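My entries follow the coordinates.

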Amino acid sequence: MDPVANQPERWTEATVYPDMWADPDQDPRNSEGVSPDGELATLQDYMQHYRLTILMKCEGLNAEQLARRSVPPSTMSLLGLLRHLVEVERDWHNWIGDGEPLPKLYGRRDADFDDVVAEQSMVDAAYADLSREQAATDAALAAHPDLGERVGAEQIAVRELMVHRIEEYARHCGHADLLRECIDGRIGQ
């Protein structure tokens, strides 16, 4: 069996730049005006950009497509990535506080990827969980606007947390690019 023959044809919705996901006037990540002033605002802007990118890569897919493990033997899927980001947002929230850490939402290590099933209820829950955990982490960080402040039991600098969040999302946006292209051939940044 020829694996290349079963691959979807590459495509994009963009008409202005063929390597983009969408045309600039249709891209929710594009904003008018100058970039934000200051380090904190810049970090927050990049975080929002990557969060939107992950959601865009999942947009328009059904539960089966989101749960598809497109690069065997990996257990990674777009739905697994959403669930993974839920867990890492929760971890970051735990790092900010001094109290008892919140438990993993999906149970044992790697359950965020391994236990994915193609059910709409799981998809809906993942989106709701991600939104809730992002908001909780954002709220916790908002109480610490000094990027040099050290927080939590491990005394991690707020700047380090912010940069690590951006790095985590950026890395997974790269995974999402490949996963989406394997699912339906759609390409773009």
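I looked up the salt bridges (a side-chain nitrogen of Lys or Arg within 4 Å of a carboxyl oxygen of Asp or Glu) and found Arg51, Glu89, Asp138 and Arg165 linked in a network of them. The model is predicted: local features need pLDDT of at least 70, side-chain atom pairs count only at pLDDT 80 or more, and totals for chains, interfaces and linings use all residues. Residues are numbered from 1 along each chain as its sequence is written, and side-chain values use heavy atoms, without hydrogens and water.

Aspartate 138 sits in helix α5 and arginine 165 in helix α6, 27 residues apart; helices here are DSSP runs (H or I, at least four residues) numbered from the N terminus.

I checked burial next (buried under 20% relative accessible area, exposed over 50%, partly exposed in between; 1.4 Å probe, protein chains only). Arginine 165 is buried at 2%, while aspartate 138 is partly exposed at 31%.

I then looked up glutamate 133 and arginine 90, whose side chains form a salt bridge at 3.0 Å, N to O. Glutamate 133 is in helix α5 and arginine 90 in helix α3, 43 residues apart. Both residues are buried.

For arginine 108 and aspartate 115, I noted a salt bridge with the closest N and O atoms 2.8 Å apart. Arginine 108 is partly exposed at 48%, and aspartate 115 is partly exposed at 33%.

Technical notes: Helices (H or I, at least four residues) and strands (E, at least two) are DSSP runs, numbered from the N terminus.
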